[in-house]
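This report goes through the fold, the ligand shell and a few single residues. Keep the structure open while reading.

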Amino acid sequence: MIYWDHAASTPPYEEVIQTMAEVMRQHYGNPSSIHRMGEDAAKLIKRSREVCAAALGVKPAEIILTSGATEGNNMAIKGTAFQYAGRGKHIITTATEHPSVYDSCLYLREHGFEVTFLDVDRKGRIHPDQLRSLIRKDTILVSIMHVNNETGAVQPLEAAGRIIKQCNPLTLFHVDGVQGFGKLHVDLQAWQADLYTLSAHKIRGPKGAGVLFRREGVQLHPLLSGGKQESGMRSGTENYPGIVAMAKAMRMAKEQLGTFGEQVGALRDELLAFIRTMPALALNSDEDGAPHIVNVSFSGMKAEVLLHSLEEHGMLVSTKSACSSKTAEPSRVLLAMGRSEEEASSAIRISMGLTNTENDVERLKDALQDAVERLTPLMTGRNE
Ligand code: PLP
């Protein structure tokens, strides 16, 4: 089997697995305990926080350790809304965010907040001028993702950050960075980001660990009540085997950033060149996007049928994103990009990483050719 679903989750580094097992075996004290084992655990967390902060170029005190990006995004969006509701109740986001951002905004809309969704163009990118026209005195938050998880579209964050701070210096800027870290350059200072979310299992770390960067001075209303860990921001006993392993993965992903862009980008370009020769297709991602995601629709073809046909060839791809692939609806992201319902229902996502090779791409090309050729008459017949 060849794994082409790296945007859903990634194979952990061997070092990450070893580190996690070692910490679980040897350090099982509760970091809040004041005896030696508790203190040892607290020290591990302190060191890991420093590594995570260094990987993002921020201060350790600005790192909140979470269970992943779903929690981080909820905390950033609802936490900002509940904290700053007295200042304003207007939030801006995009039509193509991950559900952990999009649905958090919908939740707030049901609770008295006003949410404006930025449009995207056919490449999935927002337009800074539209953002400029929408920011108001009562806009407390703008949330824009770095890289789209379905298409790989990259948002113009530096321009967005500049506009936000020019139009209203009190508006906070949140970036969902899950699909960008380790793939593209991250510059929280240049983007003027106040909040930034990561999930460890997307960068070859463990599941159940993540980071929320919160710029010094930004207050968030905590979502969890309890033992006041993470400076009161995130109650609950820390998952420090996961935290230590995540810190390792962040360091390694950062070190491999250049290699990732070159090697994975070359595989993506090779695959895109081939896909462009195929019939009846709408390409939903291209070379302007992140290096690891290819999204393509073969018209008339049900994405799920194509996915299973590719699986028979030993190729594991996905339809939409992993978390929304079980819903029958066409992709909300592709519809927002102006694709038809048919195109949005027939899209597959091929996402890759450093464990993929040129030979893998050759095998995928053969599998795609064969699957599409075999399925086209069946699908055409069924549609008649
Ligand atoms: N944001 C983006 C862009 C994602 O791709 C994902 C995961 O698919 C998330 C947030 C949520 O991450 P997790 O499922 O690890 O909480």
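Helices (H or I, at least four residues) and strands (E, at least two) are DSSP runs, numbered from the N terminus. Residues are numbered from 1 along each chain as its sequence is written. This is a predicted model: local features need pLDDT of at least 70, side-chain atom pairs count only at pLDDT 80 or more, and totals for chains, interfaces and linings use all residues.

**Loop residues**

Arg-204 sits in the loop between β7 (195-199) and β8 (210-214). Its phi is positive, about 70 degrees, although Arg-204 is not a glycine. Most residues other than glycine have a negative phi. Glu-230 also has a positive phi, about 50 degrees, and is not a glycine. Glu-230 lies in the loop between β8 and α8 (240-255). Burial goes by counting: a residue is buried if 20 or more other C-beta atoms lie within 10 Å of its own, exposed if 12 or fewer, and partly exposed in between, with C-beta atoms placed from the backbone.

| Residue | Other C-beta atoms within 10 Å | Class |
|---|---|---|
| Arg-204 | 26 | buried |
| Glu-230 | 19 | partly exposed |
| His-27 | 17 | partly exposed |
| Asn-73 | 30 | buried |

His-27 is in the loop between α1 (14-26) and α2. Two residues are in contact if their C-beta atoms, placed from the backbone, lie within 7 Å. Not counting residues up to four places away in sequence, His-27 touches Asp-40, Ala-41 and Leu-44. Asp-40 is 13 residues from His-27 along the chain, and their C-alpha atoms are separated by 7.6 Å.

**The sheet**

Strands pair if DSSP finds at least two bridges between them. Seven strands form an open sheet with mixed pairing, in the order β2-β8-β7-β6-β5-β3-β4. Its edge strands are β2 (63-66) and β4 (114-118), each pairing on one side only. From one strand to the next, the twist averages 20 degrees.

β3 (residues 90-94) and β4 run parallel, joined by five bridges. There, His-90 has Glu-114 of β4 as its bridge partner. β6 (residues 172-176) and β7 are also parallel, with three bridges. His-174 stands opposite Leu-195 in β7. On the β8 side, β7 pairs in the antiparallel sense over five bridges. Leu-198 has Val-211 in β8 as its bridge partner.

Why does β7 count as largely enclosed by the rest of the structure? Because five of its five residues are buried. Leu-195, Thr-197 and Ser-199 point one way from β7, while Tyr-196 and Leu-198 point the other way. In a regular strand the side chains alternate between the two faces of the sheet.

Helix α2 (residues 36-56) lies across β2 and β8. It runs at about 115 degrees to β2. Axes here are lines fitted to C-alpha atoms, for helices over the stretch in contact, and angles run from 0 to 180 degrees between N-to-C directions.

**The ligand shell**

A residue is near a molecule or strand if its C-beta atom, placed from the backbone, lies within 6 Å of it. The shell around the ligand holds 15 residues; Gly-68, Ala-69, Thr-70, Asn-149 and Ser-199 come nearest. Helix α3 (residues 69-84) gives the most to this shell, with three residues. By type, the shell has four nonpolar, 10 polar and one charged. Here Ala, Val, Leu, Ile, Met, Phe, Trp, Tyr, Cys and Pro count as nonpolar, Asp, Glu, Lys and Arg as charged, and the others, Gly among them, as polar.

Asn-73 belongs to helix α3. Leaving aside neighbours within four places in sequence, Asn-73 is in contact with Ser-100, Val-101, Ser-104, Asp-176 and Thr-197. The C-alpha atoms of Asn-73 and Pro-99 are separated by 9.6 Å, with the two residues 26 apart along the chain.

**The two domains**

The protein is divided into domain 1 (2-9 + 257-379) and domain 2 (14-255). These bounds come from an automatic or database domain assignment. Taken over C-alpha atoms, the domain centres are separated by 28 Å. At the interface, 23 residues of domain 1 are in contact with 23 residues of domain 2. On the domain 1 side, α9 (257-275), β10 (293-298) and α11 (332-336) each supply at least two residues. The residues of that side divide into 10 nonpolar, 10 polar and three charged.
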